[in-house]
Amino acid sequence: MTKSKSLYWKLSAYFFFFFFTWSASYSLFSIWLDQEIHLSGAETGIIFSVNAIFALCMQPLYGYISDKIGLKKNILFFISILLVFVGPFYIYVYGPLLQYNVIVGAIVGGLYLGTAFLAGIGAIESYIEKIGRKYDFEYGKSRMWGSLGWAAATFFAGQLFNINPNINFWVASISAVILVAIILSVKIEMTNEEMERADSVTLKDVGQLFLLKDFWFLMVYVIGVTCIYGVYDQQFPIYYSSLFPNEALGNQVFGYLNSFQVFLEAGMMFLAPFVVNKLGAKNSLILAGLLMAIRIIGSGLVIGPIGISSMKLIHALELPIMLIAIFKYLAANFDNRLSSVLYLVGFQFAKQIGESFLSPAAGILYDRIGFRQTYLIMGVVVLGFTILSIFTLLNSKKNKTTTKNIDVLQKVV
């Protein structure tokens, strides 16, 4: 087996077990908070907000360190070790703390979950995307296995939750042990040129990004579009399970639906590079935004489990297109030496900022006006920002003006 194929399969397996670990411990997180910890919608919103705050604190750090160390796997190894303890953390630390004091539990949980999962995923994705560029394999085809890992865990999560939620947490820890073994087997060689490029990254380079209006326009798109789909997903399982005669049945069916959706997502992740290459990065981002608006507005209009399930499945189309388009948009229009910072700050960081503010507001709206009306408001906001982005995002090809702006800034600074 060639070096390229070997790395593709190892890193695809890493994606699979990372998402399996994440799904087993987190796919029914809002249901766990509602049915086991007995938190209100507003309190659940606070939990998600605190998680987002800790994630956004870690994302710039992960991004800078990742670009500074180049293709070394240190961050992935650190995240893998953290995840081994996910089961004991939920069972013996997080749950009891939330029942004792919501704020204290939220802070401790936010620190762990933000570092291990919510910021960790960005570091993992940006690292594997860089390896894909070096060894000539499509990031989307590797990321597809992550979707399959999520789906595999979610398929059983609802049933296991009804037996005992702790089973899911222990399954997550066992999966993380496999994750550690995989990353230990990965060997990446760095050339002298690659080491010099990594060493040349400075905090000044990162600061220059914030002087570019096109970077800010991208973050406006992320905050106005992608972060809202994250807020929509947070408490969706609670709404979905409420549409069934009893919560246990709702939990079980949601597990099946989520698993089916992610299997579709995996297939679309394989096809998304072709779609994005055909349409271009900007047009693909606009398409993803329109699909999100349709899904969220539709969730407020449809009635019953079948209608809401059909809306949920649109996620399988939009997310792969958005993920692939974001990486290609960044590569086409910004300095590739800063690829991890660009993704973790321009996309993940901006997304978490939006979620940290919107999650508590959404939780309050869920309690006061209900899920359906809140979804209509969210969907209209997404549609508005998507239309705005038609005029603010750059075209897919390498933008000469942006490149010139970078050159001028480097001379001035």
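Which helix do Trp-22 and Tyr-26 both lie in? The views below start there. This is a predicted model, where local features need pLDDT of at least 70, side-chain atom pairs count only at pLDDT 80 or more, and totals for chains, interfaces and linings use all residues. Residues are numbered from 1 along each chain as its sequence is written, and side-chain values use heavy atoms, with hydrogens and water left out.

**View 1. Trp-22 and Tyr-26 in helix H1.** Both sit in H1 (residues 3-26), 4 residues apart, or about one turn of the helix. Helices here are DSSP runs (H or I, at least four residues), numbered from the N terminus. The structure holds 39 aromatic pairs (rings of Phe, Tyr and Trp, its six-membered ring, with centres within 6.5 Å). In this one, the ring centres of Trp-22 and Tyr-26 are 6.3 Å apart and the planes meet at 45°, so the pair is tilted (under 30 degrees would be stacked, over 60 edge-to-face). Trp-22 is buried, at 11% relative accessible area, and Tyr-26 is buried too, at 13% (buried means under 20%, with a 1.4 Å probe and protein chains only).

**View 2. Helix H8 packed with helix H14.** H8 (residues 139-163) and H14 (residues 247-279) pack at about 175°, their axes 8 Å apart (axes are lines fitted to C-alpha atoms over the stretch in contact, and angles run from 0 to 180 degrees between N-to-C directions). That makes H8 roughly antiparallel to H14 (over 145 degrees).

**View 3. Helix H17, largely enclosed by the rest of the structure.** Of the 19 residues of H17, 16 are buried. The helix covers residues 315-333.

Notes: Helices (H or I, at least four residues) and strands (E, at least two) are DSSP runs, numbered from the N terminus. The expected span of a helix is 1.5 Å times one less than its number of residues. Buried means under 20% relative accessible area, exposed over 50%, partly exposed in between (1.4 Å probe, protein chains only). Angles under 35 degrees count as roughly parallel, over 145 as roughly antiparallel, 65 to 115 as roughly perpendicular and the rest as oblique.
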